[in-house]
Amino acid sequence: MSTPTLLLLPGDGIGPEVFAEVLKLIDWLARHRGLDVTTRDGLVGGACYDRHGVALTDETLAEAMEADAVLLGAVGGPKYDNVPREVRPEAGLLRLRKEMDLFANLRPALTFKALLDASTLKPEVIEGLDILIVRELTGGVYFGRPRGMQTFEGEERCVDTQAYSQAEVERVARVAFDLAAKRGHKVHSVEKANVMETGAFWRRVVSGLHAANPEFSAIELQHMYADNCAMQLVRNPKQFDVIVTDNLFGDLLSDCAAMLTGSLGMLPSASLGAPDASGRRRAMYEPVHGSAPDIAGQGKANPLAMLLSFGMALRYSLDRGADADLLDKAVENVLAAGIRTGDIAGPGATVVSTSGMGDAVLAELDR
Ligand code: GGG
């Protein structure tokens, strides 16, 4: 097998800061565990806009299509608030997701024992929590047409369109069922079937897929309205195993789930396409958090979501599950030792900077 290629896109705000820590990790794995990858650097988001006037160039997109995995930090920032939508930082990220056809966004939310005090919920409500949110990533209101300003009955109005085809819903639901089969055998399918046509359609398609496939019969399927799901995540999160939902609800609910774990800075993600005939699939790995301009450049960002995102790359794209296990354990031990960035600091914690946390993980790996 040829050496896998990683495309590195740090992006904006805290993106480059957390990225510096993942580069240290890649270097450590190369030196100590024989990780052999070819890396390429690229620009995305505001960093790309500043250089090229667009948030993603065709050349970088072509490299992403060819890469075995794309690693991305974060995009966006107030500097770009008045930039036209089609070249804003977020447009670069959305174009990558869409053109690479990364329809399944996996967002695991699990609690580390040492962080039970960092959540606003009671420890017994979140201890042992292990939820996987599967967010549909290339459809829905993020991409639906028509979109933008219109004149309607003589008045200006603005439109976004929520649209899903049967194939789009089925392929992401299939990913959720397949993952649930290897986990807790439970899928909550989340929409607003009571008020949205696409919600009722989503529910019908997911039910149909579940009923038509005997291999999913051992998986319990429950439908839930998105507003109830938000409430249940806070009230009794351990009832969930896999949650499958659309692009917008997935974005909202995963931020909500992040806070159960203590901080948005803890949540990694993997965005996956469909496997080709050889089993290879396009993939991008990024922390769930954004560019956090309020703390950018101050060494305050939590790099764990970025490191754990690379852990997902090790597992899903690089066939190095043992390295991912080592990383998970190192993170757990660092947190157990009371080493924290400010977002997860609790009583008695040793508060460290972004690079301090990265170094602590490497020191733990060295042990
Ligand atoms: N690392 C993720 C990131 O930078 N997110 C910023 C963002 O604009 N995301 C759009 C979305 O996922 O809804």
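Two strands are said to pair if DSSP finds at least two bridges between them, and helices (H or I, at least four residues) and strands (E, at least two) are DSSP runs, numbered from the N terminus. The legends below describe a predicted model, in which local features need pLDDT of at least 70, side-chain atom pairs count only at pLDDT 80 or more, and totals for chains, interfaces and linings use all residues. Residues are numbered from 1 along each chain as its sequence is written.

**View 1. Strand E1 and its two partners.** Strand E1 spans residues 5–11, and five of its seven residues are buried (a residue is buried if 20 or more other C-beta atoms, placed from the backbone, lie within 10 Å of its own, exposed if 12 or fewer, and partly exposed in between). Over five bridges, E1 pairs in the parallel sense with strand E3, residues 69–74; here Leu-6 stands opposite Ala-69. E1 also pairs in the parallel sense with strand E2, residues 38–41, over four bridges, and Thr-38 in E2 is the bridge partner of Thr-5.

**View 2. The β-α-β unit.** E1, helix H1 (residues 15–33) and E2 form a right-handed β-α-β unit.

**View 3. Helices H1 and H12.** Two packed helices are described by the angle between their axes and the distance between the axes. The axes of H1 and helix H12 (residues 354–366) come within 9 Å and cross at roughly 15°; axes are lines fitted to C-alpha atoms, for helices over the stretch in contact, and angles run from 0 to 180 degrees between N-to-C directions.

**View 4. The open sheet.** Ten strands with mixed pairing form an open sheet in the order E2-E1-E3-E12-E11-E4-E5-E10-E8-E9. E2 and strand E9 (220–225) stand at the edges, each with a single partner strand, so one side of each is left without a neighbour in the sheet.

**View 5. Arg-107 and the annotated binding site.** An unreviewed UniProt entry places the feature "binding site" at Arg-97, Arg-107, Arg-135 and Asp-227; such annotations may be inferred rather than shown by experiment, feature names are shortened, and positions are given in the numbering used here. Arg-107 lies in strand E4, residues 104–110, and counts as buried because it has 24 C-beta neighbours inside 10 Å.

Conventions: A crossover is right-handed if, with the strands pointing away from the viewer, the path from the first strand over the helix to the second runs clockwise.
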